[in-house]
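Colleague: Could you walk me through this model, one feature at a time? I would like the general idea each time and then the case at hand.

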Amino acid sequence: MSKDINNQISDLEREIARLPKGSIAKKNINGKDYYYHRTSHSGKRVENYVSFEDLPALREEITYRKSLEKELKELKLTAPKVDKPSKKSPEFKTIVRTGKQLESQIALTRGYKKRECISTLRDYIFGPAMDKVMIIYGLRRTGKTTMIRQIISELSMTEFKKAAFIQVTTETTLSDVDSDLKLLEKNGYKYIFIDEVTLMEDFIEGAALFSDIYASSGMKIVLSGTDSLGFAFTREEQLYDRCIMLHTTFIPYREFEGVLGIQGIDEYIRYGGTMSLGGVNYNADTPFSDSKHAQEYIDTAIAKNIQHSLSLYQHGGHFRMLLDLYERGELTNVINRVVENINHSFTKNVIERTFKSHDISVTATNLLKDRESPINIKEHMNVDEITNGMMKMLDILNKEDQSIDIEDVHMTQIKEYLTLLDLIVDIDLESLPEVSKKQSLTVITQPGLRYAQAEAIVENMLMDSEFQELSAKDRKRILDRLLSEIRGRMMEDIILLETKLARPDKKVFKLQFAVGEYDMVVYDPKEVSCEIYEIKHSKVLVPDQYRYLADNEKCNLTVHRYGDLKGKYVIYRGDTTSSEDIKYINVEEYLKSLGR
């Protein structure tokens, strides 16, 4: 029980460190109210002007911090007596945990199963000394801190006595960390783990300190954080060939099921492909249970990640053409639109046209064509109000509300940054008989970013008064169909992505014909052969599912272009079986087979 409390305390301290300190002050100047963010630094009061647009968000964050501080204070009263934390020691300038305090911090994770990528961290920690640091980076809830705690628990008692965990906050400077590292080195510490290191404003510019001074003298330095773009900049500049990168964002289905013991593609999608399942192995609430969690995850995982890194790197000089958007508070709008439209286009017209949810449109069309019980859902909901609610939740602006015209160069740069974050992968889209027609579709590597927006749609539909007039059964049928449509498209993306990553020696793509398409083709250029696939979210075997696979004309075109046809497959959620020359494969079995 005491271990649980100490871990809760640690998690609260981490969350508090992310939030702004101080208070908001109001001043009346010449009859007009102005607001300032008031903080204290080194005993001096500092006030920074806050725009009216930024005021609500800042006020909410400060209020949230105070509530967490109150919760932390109450929790500490119930915690068992331990050695005084290192951060109160006059010797250390940052939060440093060693000995019993560190033991308490890592205790909870001892029984957890481990991610496959921990082997890279293990090789670094227990391998020979080198002048390199290890960087663990990735989106929130992908197991970074848990992995660090697990590797610390693998240290022998002698090695553990030489381990230290440094918690960085927004108040920490590189000079503070340097001072503490000198002290730790002097006292014989060898294994140093620095969490949320990119919160330091001067980290990117001074990161070479960790490799050139400390790693080169025998220390094993592990840096971690959610600011992936900041690490990408650091790798290109300060650390270059003196770092080993370990990215946690992409979690294949095989690993999700193996580590968490949760089965099913829909569960994988629902939990966003993260290592965050309440009460199982990773201590967190259900990731996307309401709009607040959805908005928080989208904004902190992508938009604010990019903007934080760009604002610190080269003193903001790397914003390039995105600077005006950033300064006017419209960069989040563009980034979140890209996420919503990620499988459609990165082009200018996607951003500039009046916002319209693709998910609602597709579901409406399919329900209208339903053979058993057709329904026009647009007659039973205020689409404008639902759309406006989504736009507000996702910080999306229509063209007439934008103060700057969105250019193709803006979209290109955003895609560059998303690629640097390893958040997107392009899948080729080929055509027959038009072999010269080359396109691509973009897949998000982290399903949570897409599914969070699906939850936002559902919440706004449930709040719509016209939608509430439908019967309970009709409401359930519509919402189930909507989420099923979204999961179906996401399942297709997941299979394409995981197949491409697991089979680098093959070419994986979608193939379009004048009418119809193969959801996936796997082409072997060495053997000049291919496999063709249909991907269905259904659990039921229906002959209509493989009509294109059984189409002789399409098969002949494919054989002529890509060689011998080695197999025809339908990947679906039912049991593995066969129908004529078509093999049906259970989706979970297929995804788990990719790791073998």
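**Rings, strands, helices and loops**

Modeller: Let's start with a charge over a ring: Lys-554 lies over the face of Phe-513, 5.5 Å from the ring centre. The rule asks for NZ of Lys or CZ of Arg within 6 Å of the ring centre and within 35 degrees of the ring normal. Lys-220 is placed in this way over the face of Tyr-124, at 5.4 Å from the ring centre.

Modeller: A word on the ground rules. This is a predicted model, in which local features need pLDDT of at least 70 and side-chain atom pairs count only at pLDDT 80 or more, while totals for chains, interfaces and linings use all residues. Residues are numbered from 1 along each chain as its sequence is written, and side-chain values use heavy atoms, with hydrogens and water left out.

Colleague: How many aromatic pairs does the structure hold?

Modeller: Eleven. Rings of Phe, Tyr and Trp (its six-membered ring) pair if their centres lie within 6.5 Å; planes under 30 degrees apart are stacked, over 60 edge-to-face, and the rest tilted. The centres of the Phe-513 and Tyr-518 rings are 5.0 Å apart and the planes stand at 80°, so this pair is edge-to-face. Elsewhere, Tyr-253, Phe-256 and Tyr-268 form one aromatic cluster.

Colleague: Is Phe-513 buried or exposed?

Modeller: Phe-513 is buried, with a relative accessible area of 11%. Buried means under 20%, exposed over 50%, and partly exposed in between (1.4 Å probe, protein chains only). Tyr-518 also counts as buried, at 0%. Over the 596 residues of the chain, 53% count as buried.

Colleague: Now the secondary structure. How many helices and strands does the chain have?

Modeller: There are 24 helices and 17 strands. They are DSSP runs numbered from the N terminus: helices are H or I with at least four residues, strands E with at least two.

Colleague: In what order do the six strands of the open sheet come?

Modeller: The order is S4-S6-S7-S8-S5-S9, with mixed pairing. Two strands pair if DSSP finds at least two bridges between them. S4 (95–97) and S9 (243–247) are the edge strands, each pairing on one side only.

Colleague: Which strands does S5 pair with?

Modeller: S5 (residues 133–137) runs parallel to S8 (residues 220–225), joined by four bridges, and parallel to S9, joined by five. Ile-135 has Leu-223 in S8 as its bridge partner, and Met-134 has Ile-244 in S9.

Colleague: Which way do the side chains of S5 point?

Modeller: In a regular strand the side chains alternate between the two faces of the sheet. Here Val-133, Ile-135 and Tyr-137 point one way, Met-134 and Ile-136 the other. Five of the five residues of S5 are buried.

Colleague: How should I read the length of helix H7?

Modeller: The expected span is 1.5 Å times one less than the number of residues. H7 (residues 174–186) has 13 residues and should span 18 Å; its end C-alpha atoms are 18 Å apart, which agrees.

Colleague: What do the buried residues of H7 pack against?

Modeller: An α-helix has 3.6 residues a turn, so residues three or four places apart point the same way. Among the buried residues of H7 are Leu-174, Val-177, Leu-181 and Leu-184. The buried residues of H7 pack against S4, S6 (163–167), S7 (191–195), H8 (203–206), H9 (208–214) and S8, where contact means heavy atoms within 4.5 Å. After H7 comes Gly-188, with a positive phi near 85°.

Colleague: Which peptide bond is cis, and where does Pro-433 sit?

Modeller: The bond from Leu-432 to Pro-433 is cis, with omega near 5°. Pro-433 is in the loop between S10 (424–431) and S11 (438–444).

Colleague: Where are Val-528 and Glu-580, which have positive phi without being glycine?

Modeller: Val-528, with phi of about 55°, is in the loop between S13 (517–524) and S14 (529–535). Val-528 is partly exposed at 40% relative accessibility. Glu-580, with phi near 60°, is in the loop between S16 (577–579) and S17 (582–586). At 70%, Glu-580 counts as exposed.
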